Amino acid sequence: MKLQRMNRRALALGALAVTGALALTACGSDDTGNSDGGDASATAQAGNIDCGDAKGQLQASGSSAQKNAIDAWVKQYTAACKDVQINYNPTGSGAGITAFTQGQTAFAGSDSALKPEEVEASKKVCTDGQGIDLPMVGGPIAVGFNVPGVDTLALDAPTLAKIFDNKITKWNDAAIAKLNSGVELPDLKIQAFHRSDESGTTDNFTKYLKAAAPQDWKYEPGKSWEAEGGQSAQGSSGVAQQVKQTSGAISYFELSYASDGIKTVDIKTEATEPVKATIENATAAIGAAKVVGTGKDLALELDYTPSAEGAYPIVLVTYEIVCDKGNKADTLPATKSFLNYMASEEGQGQLADAGYAPMPQEIYTTAR
């Protein structure tokens, strides 16, 4: 455990000098057309949150998967920057992007990078600029389950696809039993829950199913749930609560929501052993991601079918969506200051305790 903590620390330390600069310059210019200049004094240094000229209220919304990380960041940041109030509403990635492109928020959180039509829509609020993706939070999408008497469960992509497509309906199905030799599986109905709101977590989860089980998952990936059957709940907290209280339940959510005794599935990949949903295993998979965004945009392409030992295949990266240029002048100082704190050693150091992973160094060095 001590070595794992050191590895997480090393990843954060190696990435942060670059991360801070990217977050700072990515905010672009204010409404008067003045460049932000990239002044190093505005960068949040280790152990020192630089508030700069930040003040007033900062409205943001979006990804519920990152809410626990945002809460941790807001607590530390506002303790230092007492003139700033940050209100983050975990409405889901789709609603967050819509609010941002309608000019209602300073930034949005999304578990998926902007689509071309969303970039186009952002140009209406980003004066002489557009929305860009800044990866700030990483981690595994855990598959939580509640099966009485079962503490450890392994599933592969085809079996998960059939479960969430209502093709496997009992926990003692032969396909599940084959993957769990020696485990006494009950004759219990499977209660599969999915997100009712548009969600980047759903987008990433269905991208995994489509990439790893194309013969069994016939639906196109997206923020909205396309498969028939199953039950739904609002937000990551909603589906996690359903798993906790419903016998036979299974669902997907960010690892930080797998608390209070919720057990998580080990995912069978091409590796020799099923892979557990841990921060370290997610970092191993995220480290193989490629930067596919251009300019200041740092959108990533994730590998949902890793074969390396210990690489957890169902991962998400949460982006903060901001304007590269043309941010509103009244919220620009607070937006820059808060984003730079997120991307600092101090900010990224908050993630592990909240159940998230810092961004691997190689993602940022590629984008320099």
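In this predicted model, a disulfide joins Cys51 to Cys81, with 2.0 Å between the two sulfur atoms. The torsion about the S-S bond of this pair is about -90°, so the disulfide is left-handed. Cys51 is placed in the loop between helix H1 (2-26) and strand E1 (56-62), and Cys81 in the loop between H2 and strand E2 (84-89), so the bond ties together parts that are 30 residues apart in sequence. Both cysteines, Cys51 and Cys81, are buried.

The count of disulfides comes to 2. The other bond links Cys126 and Cys323, again with an S to S distance of 2.0 Å. The link of Cys126 and Cys323 is left-handed, with -75° about the S-S bond. Cys126 belongs to the loop between H4 and E4, while Cys323 belongs to strand E13, so this pair ties together parts that are 197 residues apart in sequence. Cys126 is buried, as is Cys323. When the bonded cysteines are numbered in sequence order, the pairing reads 1-2, 3-4.

Strand E13, which spans residues 315-323, also contains Ile321. This residue, Ile321, has 0% relative accessibility and therefore counts as buried, the limit for that class being under 20% relative accessible area. Apart from neighbours within four places in sequence, the residues in contact with Ile321 are Phe100, Ala106, Phe107, Ala108, Ser110, Leu114, Ile132 and Asp133. The C-alpha atom of Ile321 is separated by 8.9 Å from that of Pro135, a residue 186 places away along the chain.

Strand E13 contributes to the largest pocket as well: E13, helix H7 (200-212) and strand E12 (300-301) each supply at least two residues of its lining. The space in this largest pocket amounts to about 300 Å³. Its lining consists of 18 residues, and those nearest the centre of the pocket are Ala113, Lys207, Leu300, Glu301 and Tyr319. Helix H7 provides the largest share of the lining, with 3 residues. Sorted by class, the lining of the largest pocket holds 9 nonpolar, 6 charged and 3 polar residues.

Helix H7 is also among the elements that cover the buried residues of H8; the others include strand E4 (131-146), E6, E7 and strand E8 (249-254). Helix H8 itself runs over residues 235-245, and its buried residues are Gly235, Ser236, Gly238, Val239, Ala240 and Val243.

Charged pairs were examined next. Side chains of opposite charge can pair when their charged atoms come close. Across the whole structure, 11 salt bridges are found. One of the salt bridges is formed by Asp71 and Lys67, whose closest N and O atoms are 2.7 Å apart. Both residues of this pair, Asp71 and Lys67, are in helix H2 (residues 67-80), with a spacing of 4 residues, or about one turn of the helix. Asp71 has 37% relative accessibility and so counts as partly exposed. Lys67 is likewise partly exposed because its relative accessible area is 28%.

A salt bridge is also made by the side chains of Glu118 and Lys223, with an N to O distance of 3.7 Å. This pair links distant parts of the chain, 105 residues apart: Glu118 is in helix H4 (residues 116-122), and Lys223 is in the loop between H7 and strand E7 (231-233). Both Glu118 and Lys223 are buried.

The side chains of Lys170 and Asp187 meet in a further salt bridge, at 3.0 Å from N to O. Here too the pair links distant parts of the chain, with Lys170 in the loop between helix H5 (157-164) and helix H6 (174-179), and Asp187, 17 residues apart from it, in the loop between H6 and strand E6 (191-195). With 34% relative accessibility, Lys170 counts as partly exposed. Asp187 has 58% relative accessibility and therefore counts as exposed, the limit for exposed residues being over 50%.

Key
Residues numbered from 1 in each chain as written. Predicted model: local features only at pLDDT ≥ 70, side-chain atom pairs only at ≥ 80, totals over all residues. Heavy atoms only, no water. Buried < 20%, exposed > 50% of the residue type's maximum accessible area, 1.4 Å probe, protein only. Contact = heavy atoms within 4.5 Å. 1 Å grid on protein atoms, 1.4 Å probe; cavity = no way out; pocket = protein on both sides within 12 Å on 5 of 7 lines; lining within 4 Å. Points joined across faces, edges and corners; volume = space filled by probe spheres on them. Nonpolar A, V, L, I, M, F, W, Y, C, P; charged D, E, K, R; others polar. Salt bridge = Lys/Arg side-chain N within 4 Å of Asp/Glu carboxyl O. Disulfide = S-S within 2.5 Å.
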